[in-house]
Amino acid sequence: MLSDTRPLDSPAPAWEAGRPVAPAWRKDGLGRAGAPGPGGAPRPAPGPRAAAVVVAALAFLGVWLTWRFFVTTPVGQRVDELAFLGAAHGQNRLWRVAEPVLDVVSVAFVVAGVGAAVLVAVLRMRWALAAQVVALVGGANVTTQLLKHGVLDRPELLPGWTGPNTLPSGHTTVAASVAVALLLVTPRSWRPVVAVLGAAYTGMTGVSTLVGQWHRPSDVVAAVLVVLAWGAVVCAVAPASSLDVPRRPGESLRSPGTHVVAGLLLMAAAAGAVVSVGTLVSLARTGSTVVVPLATDVTAYAAGALGVLAVTAAAFAVLLELRQLTARPAGRVPREPR
């Protein structure tokens, strides 16, 4: 009879007592799996995390640039105000759709959304990620309120009084942050679907605030950028325990579907941005004398809404790619022996 003795430090066999035994590289001290790093623990890839830091910095810069042009310059205020006034056209009919969308955003919605994200993270045993999505939602919404009421102001550059500073939009921040929280905790294969749904819901909320004349387009764009920044920060600092792992031997962690969805979102964003920016530039150059098929305020309103949708699609495309890339362990994850 063959002896079943082996050195204590030798690798475990692929099968033992009729059941599979994972090799040593599969688990670290937290029970999470990943590519081998120091001590056999999974190791995050540094490149994608550095990219996430850059995205966060650019997003925060984008918030400042949005405020700097659309709020602190006469040209920017005029274009933004035209879009705001244009929302009065057809408002009664559109408000029937917009009001229910905005009514969803409430304290109960935040609690339910964050609770769902935390529950998904806990069920997947991603304890640190559960805490991080709470920080994401809280940080993004606190940042929006601090910027709007304590940091940024709105100088009176147009005839008449146009109200206090309203940038960034609080409703849009709530909707976007909850959607991004769900994107971050969702299993890898479901993230493209969640990204599309999250972008759609965030875009609907942002445009609805325009319909109700609660906000101007720049307010909504700034809110989406605030959430993009916080989402990128979470991707940059997520611990090794939040890394994706193969669920079965030989499973690849590459995400071709992610690239397709992100690419489609970016293409839609680019097309919308070209039309929106081109229209707004024309309005900014010629003021109210621009020759367009519709009234100038309606044109600015449509261009602003299109710009909101474009920025939202781009933000979720970037966050989808960042989450997938930063969740992949560094190096090549080996296959289990057969």
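Predicted model: local features only at pLDDT ≥ 70, side-chain atom pairs only at ≥ 80, totals over all residues.

Me: Which other backbone oxygen lies 3.0 Å from a polar atom of the N165 side chain?
Reply: That of K148.

Me: Where is N165 placed, in terms of helices?
Reply: N165 is in the loop between α5 (127-151) and α6.

Me: Is N165 buried or exposed?
Reply: Buried, because its relative accessibility is 9% and the cut-off for buried is under 20%.

Me: What is N165 in contact with, leaving aside neighbours within four places in sequence?
Reply: W67, V71, L147, K148, L152, D153 and R154. There's also a C-alpha separation on record here: N165 and V151 are 14 residues apart along the chain, with 10.0 Å between those atoms.

Me: Switching topic: how do α4 and α6 cross?
Reply: The axes of α4 (residues 107-123) and α6 (residues 170-185) come within 8 Å, crossing at roughly 10°. So α4 is roughly parallel to α6.

Me: Which residues make that contact between α4 and α6?
Reply: From α4 you get F109, V110, G113, A116, A117, V120 and A121. The α6 side brings V174, A175, V178, A181, L182 and V185.

Me: How do the residues of that α4 and α6 contact divide into nonpolar, polar and charged?
Reply: Twelve are nonpolar, one is polar and none is charged.

Me: OK, on to the largest nonpolar core. Which residues there touch the most other members?
Reply: V180, L184 and L228, out of 61 residues in that core. At least two residues each come from α1 (46-70), α4, α5, α6, α7 (191-211), α8 (217-237), α9 (256-286) and α10 (296-326).

Me: Which helix gives the largest share of this core?
Reply: α8, with 13 residues.

Me: And what does L228 contact, leaving aside neighbours within four places in sequence?
Reply: V55, A59, A315, V318 and L319.

Me: Last bit, the whole chain. How many helices and strands are there?
Reply: Ten helices and two strands. Along the sequence, the pattern reads β-β-α-α-α-α-α-α-α-α-α-α.

Me: What percentage of the 338 residues is buried?
Reply: 51%. As for contacts with a separation of 6 or more, 81% are between residues 24 or more positions apart.

Definitions and conventions:
Residues numbered from 1 in each chain as written. Heavy atoms only, no water. Axes fitted to C-alpha atoms, helices over the stretch in contact; angles between N-to-C directions. Helix = DSSP H or I, 4+ residues; strand = E, 2+ residues; numbered from the N terminus. Parallel < 35°, antiparallel > 145°, perpendicular 65-115°, else oblique. Contact = heavy atoms within 4.5 Å. Nonpolar A, V, L, I, M, F, W, Y, C, P; charged D, E, K, R; others polar. Buried < 20%, exposed > 50% of the residue type's maximum accessible area, 1.4 Å probe, protein only. Polar contact = N/O pair within 3.5 Å; in protein donor to acceptor, adjacent residues only side chain to side chain. Core = buried A, V, L, I, M, F, W, Y, C linked by side-chain atoms within 4.5 Å.
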